[in-house]
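Subject: Structure handover

Hello,

Here is the structure for you to take over. Please open it alongside this email.

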Amino acid sequence: APVATPGFIEKPLKALDLAAVREIKAELMAVDANSDGKLDADELKQLLKKHNDVFTDREIVELGELYYAAKAGGSVKFHNFIEAVDRVAQKNNLREGVAASEMPI
């Protein structure tokens with residue numbers, strides 16, 4: 001099977017391919033209410049609500065509160081958020097015994 005082109009933000013990503021990165025960035029831009037290229041707690045909650053098939057309302061509130069507390073009310077740049085998603089995806093792929101480079105996202 002052909003290997004998808006790896007994603008790239010500020011550095012090469014290990015689990016997310018280019019199509020996944022584009023999709024995530026489009027979703028981030030869609031919830032970026034103030035168009036600053038960063039994700040704040042409220043914008044994160046809006047993003048998670050779009051995926052309520054994955055996250056419960058309670059988890060969305062909890063993640064938003066944790067995010068707000070961790071960032072001291074601040075925000076995170078899109079590329080840092082995508083790199084974090086990539087790290088989680090890589091851990092999940094390795095836990096499932098599938099090499100990240102062989103796993104379509």
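Below is what was found in it, from the overall fold to single residues.

**Fold**

The model is predicted. The chain holds four helices and four strands. In sequence order they run β-β-α-β-α-α-β-α. Of the 105 residues, 29% are buried. How far apart in sequence are the contacting residues? Take the contacts between residues at least 6 apart: 55% of them join residues at least 24 apart.

**Largest pocket**

The volume of the largest pocket is about 910 Å³. Its lining counts 26 residues. Nearest the centre of the pocket are Ile24, Leu48, Phe55, Phe81 and Val85. By type, the lining splits into 19 nonpolar, four polar and three charged residues.

Which helices supply the lining? At least two residues each come from α1 (18-31), α2 (41-49), α3 (57-70) and α4 (78-95). The biggest share is from α4, which gives eight residues.

**Leu48, at the pocket**

Leu48 is one of the residues nearest the pocket centre. Leu48 sits in α2. Is Leu48 buried or exposed? It has 8% relative accessibility. The cut-off for buried is under 20%, so Leu48 counts as buried. Setting aside residues up to four places away in sequence, Leu48 touches Phe55, Ile60 and Leu63. Phe55 is also among the residues nearest the pocket centre. Gly64 is 16 residues from Leu48 in sequence, and the two C-alpha atoms are 9.0 Å apart.

**Nonpolar core**

The largest nonpolar core has 19 residues. Those with the most contacts inside it are Leu16, Leu28, Leu39, Leu44, Tyr67, Phe81 and Ile82. β2, α1, α2, α3 and α4 each supply at least two residues of this core.

What does Leu44 touch, beyond its neighbours within four places in sequence? Its contacts are Leu39, Leu63, Gly64, Tyr67 and Phe81. Leu63 is a contact of Leu48 as well.

**Helix α4**

α4 has 18 residues. From first C-alpha to last it reaches 26 Å, close to the 26 Å expected at 1.5 Å a residue. Which of its residues are buried? They are Phe78, Phe81, Ile82, Glu83, Asp86, Ala89 and Asn93. An α-helix has 3.6 residues a turn, so residues three or four places apart point the same way. The cover over the buried residues of α4 includes β2 (12-17), α1, β3 (38-39), α2 and β4 (76-77).

- Val88 lies in α4. It counts as partly exposed because its relative accessibility is 48%. Val88 and Ala15 are 73 residues apart in sequence, yet their C-alpha atoms are 8.7 Å apart.
- Asn80 lies in α4. Its relative accessibility is 33%, so it counts as partly exposed. Asn80 and Lys38 are 42 residues apart in sequence and 9.2 Å apart, C-alpha to C-alpha.

Ser35 is in the loop between α1 and β3. The relative accessibility of Ser35 is 61%, so Ser35 counts as exposed.

**Where to look**

For the pocket, begin with α4, which gives the most to its lining.

Best wishes

Terms used: Residues are numbered from 1 along each chain as its sequence is written. This is a predicted model: local features need pLDDT of at least 70, side-chain atom pairs count only at pLDDT 80 or more; totals for chains, interfaces and linings use all residues. Side-chain values use heavy atoms; hydrogens and water are left out. On a 1 Å grid over the protein atoms alone, a cavity is a set of points where a 1.4 Å probe fits but cannot get out, and a pocket is an open set with protein on both sides within 12 Å along at least five of seven lines; lining residues have an atom within 4 Å of a point. Grid points are joined across faces, edges and corners, and a volume is the space filled by probe spheres set on the points. Ala, Val, Leu, Ile, Met, Phe, Trp, Tyr, Cys and Pro count as nonpolar, Asp, Glu, Lys and Arg as charged, and the others, Gly among them, as polar. Buried means under 20% relative accessible area, exposed over 50%, partly exposed in between (1.4 Å probe, protein chains only). The expected span of a helix is 1.5 Å times one less than its number of residues. Contact means heavy atoms within 4.5 Å. A nonpolar core is a set of buried Ala, Val, Leu, Ile, Met, Phe, Trp, Tyr and Cys residues joined through side-chain atoms within 4.5 Å.
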